[in-house]
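User: I would like to learn how to read a model like this one. Please take me through it feature by feature.

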Amino acid sequence: MAESQVPYPYLPAQVDAIRASLSEPRFGAYLSKGGNDTGYALALYLYNARLAKAFLYPLHVVEVTLRNAIDGLLVGRYGQTWPHEAALRDGLLTDSGRATLDKAIGRAGAGASRGQIVAELTFDFWSHLLRPEYHALWRTALNIVFPHARPPVGRHEVQGLARSINRFRNRVAHHEPILDQNVGDLQAKIVELIALRCPETAAWTRHHTTIGQVLRTRPRNGRGHGELLSSKLAPDFVPATLASSLEDVMRALDRGRPVAICLDDDGRPVAAFSALDITRYILADADRNAGLFAPAERTVADMLAEIDAPARTAVMQEDEPLALAVDTLRRPRVDILVGVGAGDGRPTGTIMRAHRRY
């Protein structure tokens, strides 16, 4: 979710369509945070989505841990059918608590088991059971449900943790912005509440959370979204012409300049090729000439007449979206992409399929 490592083009029509789908009021919140930079706003929106996704796991664990713990307490007090027992419904629950329970029973359906009803109850229900009006429930049970709670941690402190987590959970569930929340503090509260019940589960949750990694991906400005091909082009290449000898080209190719570009009379690319292409041509030519090959006597034109370098070369303007270049390099026959200037069509750099840098 929102984790693609391949840049997205963000062409004007695409941006307009995305904004319409998200709605201007919703997107406007990110646009405001991004200083009216549309690219930055989109980056922040994706970051918010990644952060919300990262929180799903710890929120899942804390909710399941809390509900199972309190369910165990209610079973001990009111029996296996506690959702239907009058002693709990009339003697413990407030009107709002009873209404929430009845909604869960309705969603679970007639004849549903306690477990099915419990699965339908929201985090709100369990969090509200920690409120002051339920003090009598916790007078002798807090250390049963939360065996690792130590003074000064009491019902009030546990409720504070649950309330904060519940509010944050609801923002995540309703796809609201969370990028300006104190997420480090919220993560700590989640782990702390789990630890009051089970330190091992808390350690497991902390170990596997990805929140820290996502926090490091927060965009600091609008750069990197709507990225252009020019940002990834390798500028060093060997220029050649159809008349260039293969010996001269071979001597110029090295690790720093692995690609040669054959240029026409106007300096525009005809084809791009590598040392591997030359090697294949040498082997084929030597087979035809009893193992003999004279690179000084063979030209780029000779080689291009026999290999399909032009068909395996793609040319794009350097100011086009990098995402479109990525799609081009994924085509089966394309080995080298040549970026050219928008004004003169002359090459400014290359990306090899085998060494793509996006």
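User: How much accessible surface does the protein have, and what share belongs to carbon and sulfur atoms?
Analyst: Accessible areas come from the Shrake-Rupley method with a 1.4 Å probe; for residues, only the protein chains shown count as cover. Here the surface comes to about 18400 Å². Carbon and sulfur atoms hold 51% of that surface. This is a predicted model: local features need pLDDT of at least 70, side-chain atom pairs count only at pLDDT 80 or more, and totals for chains, interfaces and linings use all residues. Residues are numbered from 1 along each chain as its sequence is written, and side-chain values use heavy atoms, with hydrogens and water left out.

User: What radius of gyration does the protein have, against a compact globule of 358 residues?
Analyst: The radius is taken over C-alpha atoms, and the globule rule is 2.2 Å times the number of residues to the power 0.38. A compact globule of 358 residues would be near 21 Å, but the protein has 32 Å. Its C-alpha trace spans about 100 × 45 × 45 Å along the principal axes.

User: What share of the residues is buried?
Analyst: Buried means under 20% relative accessible area, exposed over 50%, and partly exposed in between (1.4 Å probe, protein chains only). Of the 358 residues, 43% are buried.

User: Is Glu63 buried or exposed?
Analyst: Glu63 counts as buried because its relative accessible area is 13%. The residue sits in helix 3 (residues 38–78). Contact means heavy atoms within 4.5 Å. Leaving aside neighbours within four places in sequence, Glu63 contacts Leu121, Thr122, Phe123 and Arg169.

User: Where is Asp264?
Analyst: Asp264 lies in the loop between strand 2 (259–263) and strand 3 (269–274). Asp264 counts as partly exposed because its relative accessibility is 33%. From Gly28, Asp264 is 236 residues away in sequence and 49 Å away in space, C-alpha to C-alpha.

User: How many helices and strands are there?
Analyst: Helices (H or I, at least four residues) and strands (E, at least two) are DSSP runs, numbered from the N terminus. The protein has 17 helices and six strands.

User: How many bridges join strand 5 to strand 6?
Analyst: Two strands pair if DSSP finds at least two bridges between them. Strand 5 (residues 336–340) and strand 6 run antiparallel, joined by five bridges. Ile336 has Met352 in strand 6 as its bridge partner. The two strands form a hairpin with six residues between them. In the turn, Gly345 has a positive phi of about 70°. Strand 6 (residues 347–352) is mostly covered, with five of its six residues buried.
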